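Reader: Hey, I'm new to this one. Could you walk me through it?

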Amino acid sequence: MKYIVGYPIQDNKPFLQTVIQNKSKISEVYFSWGDMPNGRSALSVGDTATPFEAQQRQMNDLKQLSREGIGLNLLFNANCYGKDSQSRAFFNKVGNTIDHIRRELGLGVITTSSPLIAKFVKANFEGIDVRASVNMGIGSIEGISYVSHLFDSFYVKRELNRSLPMLRLLRTWCDENEKQMYLLANSGCLNNCSAHTFHDNLVAHEAEISAMDNGYQFRGICWDYLSDPCHHDTWLQRTSFIRPEDIGLYEGLVPALKLATRVNASPCRVLNAYTEERYRGSVMELLEPNHSGALYPQYIENANIRKEFAGHVLSCDKHCESCHYCAEVMREACVRLSDDPSAKV
């Protein structure tokens with residue numbers, strides 16, 4: 001299996017070297033550009049470098065990756081572009097950005113959540129794969145067929161990662177219609193989150209929001225939900241991540257899996273776990289978002305999760321309200337730090 005990995009928003013030379021060392025397993029590196037809103041924080045957030053220095057560092061890093069034969073995937077995946085969403089000035093900026101990156105670095109893929117950006121790229125930049133962002137929540141033949149004239153490929157919605165019948169159905173449709181599909185492997189988001197769109201909108205406008213005198217902070221409904229001990233047993237059932245050990249089950253369904261590494265505290269750990277297809281430690285540490293703090297002082301030991309877990313949930317009937325299988329697996333995998341002094345979360 002090959003992987004699509006995210007360029008970290010902060011300087012991380014070890015990760016860059018890890019990507020290069022594993023380049024035979026890396027199909028693309030995805031990245032945002034400058035101050036353009038995207039699905040995560042801006043490149044220089046939390047960085048000691050100036051925005052100019054961060055941009056120059058990114059240019060040098062991406063040039064190195066490109067020379068190593070790793071494909072580049074530019075993100076225009078913000079959930080909202082506000083007043084600029086349809087403006088000529090905005091599309092002029094998008095076009096100039098694409099021209100610059102393609103000329104300086106080479107560019108094979110653009111991932112966007114905007115049908116208008118997709119339309120613009122298809123009309124003006126031949127040879128670039130236009131990919132529908134996972135933020136679009138495409139999870140059916142109807143969903144992709146509505147925008148199939150705009151996109152060459154798409155990320156399947158997270159919730160289908162454990163539904164083999166639906167993945168096979170989408171795979172067949174893609175083969176028949178000359179499209180491609182991909183999966184996000186290490187999402188820590190709760191399935192069918194009621195506040196996901198709201199949260200993505202906040203992220204898209206975070207630069208404006210951070211400049212305001214705000215009365216509330218919002219880190220996600222998931223944190224409030226999981227902070228209640230009564231809900232701990234539901235976490236494994238209500239997420240859709242793919243464990244490193246289970247990658248082989250997805251061979252033939254997708255050509256590559258996306259890994260969320262742009263804001264992970266240890267992107268090298270994530271990449272090594274998936275390329276090696278094994279990991280011992282808190283499985284939450286591999287995910288974005290990482291909810292380890294909500295379960296502390298307990299953690300979910302990845303090595304303790306039943307080997308047959310993925311095979312079971314890929315083909316089960318999804319009658320979750322009357323089934324306790326995932327809760328049982330989670331209780332078996334749960335370790336209290338007080339019981340394991342040597343454990344590292």
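This is a predicted model: local features need pLDDT of at least 70, side-chain atom pairs count only at pLDDT 80 or more; totals for chains, interfaces and linings use all residues.

Reader: Okay, backbone first. Which residues does a cis peptide bond join, with omega about 0°?

Author: That would be glutamate 288 and proline 289. Proline 289 sits in the loop between α10 (267-276) and α11 (292-295). There's also a cis bond between tyrosine 296 and proline 297, with omega about 10°. Proline 297 is in the loop between α11 and β9 (298-300).

Reader: Why point those out?

Author: Because most peptide bonds are trans, and most residues other than glycine have a negative phi.

Reader: Then which residue other than glycine has a positive phi, near 65°?

Author: Lysine 318. It's in the loop between α12 (309-315) and α13 (325-333). Asparagine 192 is not a glycine either, and its phi is positive at about 50°. You'll find asparagine 192 in the loop between β7 (180-184) and α7 (196-204).

Reader: Is asparagine 192 buried or exposed?

Author: Exposed, with a relative accessible area of 58%. Lysine 318 counts as partly exposed, at 36% relative accessibility.

Reader: What does the side chain of asparagine 186 reach?

Author: The backbone nitrogen of alanine 260, at 2.7 Å. Setting aside neighbours within four places in sequence, asparagine 186 is in contact with several residues, including Phe241, Lys258, Tyr274 and Glu288. Glu288 is on one side of that cis bond to proline 289.

Reader: Now α7 itself. Which of its residues are buried?

Author: His196, Asp200, Val203 and Ala204. They're on the same side of α7, because they cover an arc of only 100° around the axis.

Reader: And what do the buried residues of α7 pack against?

Author: They pack against α8 (206-210).

Reader: On to the rings. How many aromatic pairs are there in the whole structure?

Author: A search turns up 10 aromatic pairs. One of them is edge-to-face: phenylalanine 90 with phenylalanine 91, at 5.4 Å centre to centre and 75° between the planes. Both phenylalanine 90 and phenylalanine 91 are buried. Another pair is tyrosine 155 with tyrosine 182, whose centres are 5.9 Å apart with planes at 55°, so that pair is tilted.

Reader: Which parts does the tyrosine 155 and tyrosine 182 pair tie together?

Author: Tyrosine 155 is in strand β6 (residues 153-155) and tyrosine 182 is in strand β7, so the pair ties together parts that are 27 residues apart in sequence. Tyrosine 155 counts as buried at 1% relative accessibility. Tyrosine 182 is buried as well, at 9%.

Reader: Which residues form one aromatic cluster?

Author: Tyr81, Phe90, Phe91, Phe120 and Phe125.

Reader: Last one: which charged end sits over the ring of tyrosine 155?

Author: The charged end of lysine 258, 5.0 Å from the ring centre. Lys258 is also one of the contacts of asparagine 186. Over the ring of phenylalanine 241, you get the charged end of arginine 162, which is 5.0 Å from that ring's centre. Phe241 is on the contact list of asparagine 186 too.

Technical notes: Residues are numbered from 1 along each chain as its sequence is written. Side-chain values use heavy atoms; hydrogens and water are left out. Helices (H or I, at least four residues) and strands (E, at least two) are DSSP runs, numbered from the N terminus. Buried means under 20% relative accessible area, exposed over 50%, partly exposed in between (1.4 Å probe, protein chains only). A polar contact is a pair of N or O atoms within 3.5 Å; within protein, one must be able to donate a hydrogen and the other to accept it, and residues adjacent in sequence count only if both atoms are side-chain atoms. Contact means heavy atoms within 4.5 Å. The arc is that of the directions from the helix axis to the C-beta atoms. Rings of Phe, Tyr and Trp (its six-membered ring) pair if their centres lie within 6.5 Å; planes under 30 degrees apart count as stacked, over 60 as edge-to-face and the rest as tilted. A charge sits over a ring if NZ of Lys or CZ of Arg is within 6 Å of the ring centre and within 35 degrees of the ring normal.
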